[in-house]
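User: I would like to learn how to read the features of a protein structure, step by step. Could we look at one together?

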Amino acid sequence: GPHSISIVQSNYGLKKGQVVTCNFANSGGSAGKGTTVDILNPKAGSKPTTFIQTSQVEGCTGVATTLGDEICTAGYTSKHVDCFDHTGALVTSHGKPFNKPFDVADAHCKQGPSCLYASEMIFGSDAGNGGIVDFSVNNYGNPNPTEVATGFAVNGKSGWSTLGPSGLSYDATKLGTLYITDGVDNTVVAFTNASNLLAKDEITVLKGGKTFKCKFHGKGDPCGKLIYAGSPLNAPVAMTLLPNGNLIVANSQGGNTLVEIDVSTGKVLATKVVDKSKTQGVFGLQAIGTKDSNTALYYTDTNDNSLHELEQ
């Protein structure tokens, strides 16, 4: 039951480029009972090796790697967001304000002098209360989890049918933009200046998921923006940012269809069915590469319990 994908960012105990995923289900197929995080090498036929197995990550629905090779997880069942070092030792564990953590993403500054004292943040979404929480994992910023956004719709269901804010994707090149997909309202939204999200409930998503109330209105203050809403999105859960700035969103219902969206124009550019089964299977997406010619796309498929790669 693989549910999320992240890529190792440095060679510190782990190897840069390795693929990390975690399991929402256990070996018996019981949803919400998975307790393992696995690592694969980026080549065909790679066998997953268990990085950790612990109840701390039970019902794992999200995984993210940091610049220091920490692996952070969203445990939907354990109700924890935890970070482990490259040896698998627990570094930090956060419960409240998380209720049913659904996804996590790493957000760090690009290389340069302005990044010298910048914080590296973990953003987490919640399918229980519809919130977005962040906390710092380096020596700068706030290490205490703070709910910085609220109001996303949740459907209150369990297992594979759970929907809420997910698909967290961070773009450091665009004023620190955090992209979020909403599986209940079938929307993709952006939080601009997301690296400045520090106070409780700075952004409120209003009913319908298309409009926002923002606490501060100065230049550089975070706020919400609708990128796309409606068909062909159908209960999306997974999402990733391509090197060219476009988004790929995966529907979890109505067919396992990938949808490419231009974030500048809000237009759908392409769709692709990657699993013809009517049973939802794609719950993890991650793009790699630096330009269109070397872009590749990883996706998990719970219908065959495999990690796949799409190449040009």
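Analyst: Let us begin with a definition: a disulfide is counted here when a pair of cysteine sulfur atoms lies within 2.5 Å. Please keep in mind that this is a predicted model, in which local features need pLDDT of at least 70 and side-chain atom pairs count only at pLDDT 80 or more, while totals for chains, interfaces and linings use all residues. Residues are numbered from 1 along each chain as its sequence is written, and side-chain values use heavy atoms, with hydrogens and water left out.

User: How many disulfides does a search of the whole structure find?

Analyst: A disulfide is a covalent bond between the sulfur atoms of two cysteines. In this model the search gives 3 disulfides. One of them is the bond between C72 and C83, with an S to S distance of 2.1 Å, and the torsion about its S-S bond is about 105°, so this disulfide is right-handed. The pair links distant parts of the chain, since C72 belongs to strand β6 (residues 71-75) and C83 to strand β7 (residues 80-84), 11 residues apart; strands here are DSSP runs of E with at least two residues, helices are runs of H or I with at least four, and both are numbered from the N terminus.

User: Are C72 and C83 buried or exposed?

Analyst: A residue is called buried under 20% relative accessible area, exposed over 50%, and partly exposed in between, using a 1.4 Å probe and protein chains only. C72 has a relative accessible area of 0% and is therefore buried, and C83, also with 0%, is buried.

User: Which parts does the disulfide of C22 and C60 tie together?

Analyst: The sulfur atoms of C22 and C60 are joined at 2.2 Å, and with -80° about the S-S bond this link is left-handed. Because C22 lies in strand β2 (residues 19-23) and C60 in strand β5 (residues 60-65), the pair ties together parts that are 38 residues apart in sequence. Both C22 and C60 are buried.

User: What is the torsion about the S-S bond of C214 and C223?

Analyst: The torsion is about 85°, so the disulfide of C214 and C223 is right-handed, and the two sulfur atoms are 1.9 Å apart. C214 is buried at 7% relative accessible area, whereas C223, at 26%, is partly exposed.

User: Where does S252 lie, and what is it in contact with?

Analyst: Contact means heavy atoms within 4.5 Å. S252 is placed in the loop between β20 (247-251) and β21 (256-262), and a relative accessible area of 0% is why S252 counts as buried. If its neighbours within four places in sequence are left aside, the residues in contact with S252 include L163, N234, V237 and F283. A polar atom of the S252 side chain lies 2.4 Å from the backbone oxygen of A235; such a polar contact is a pair of N or O atoms within 3.5 Å, where within protein one must be able to donate a hydrogen and the other to accept it, and residues adjacent in sequence count only if both atoms are side-chain atoms.

User: Which backbone oxygen does the side chain of S78 reach?

Analyst: The side chain of S78 reaches the backbone oxygen of Q56 at 2.7 Å. S78 sits in the loop between β6 and β7, and its 18% relative accessibility is why S78 counts as buried.

User: Which residues line the largest cavity?

Analyst: A cavity is a set of points, on a 1 Å grid over the protein atoms alone, where a 1.4 Å probe fits but cannot get out, and lining residues have an atom within 4 Å of a point. The largest cavity is lined by H3, F24, T61, F102, G159, W160, T162, V237 and F283, and holds about 40 Å³ of space.

Key:
On a 1 Å grid over the protein atoms alone, a cavity is a set of points where a 1.4 Å probe fits but cannot get out, and a pocket is an open set with protein on both sides within 12 Å along at least five of seven lines; lining residues have an atom within 4 Å of a point. Grid points are joined across faces, edges and corners, and a volume is the space filled by probe spheres set on the points.
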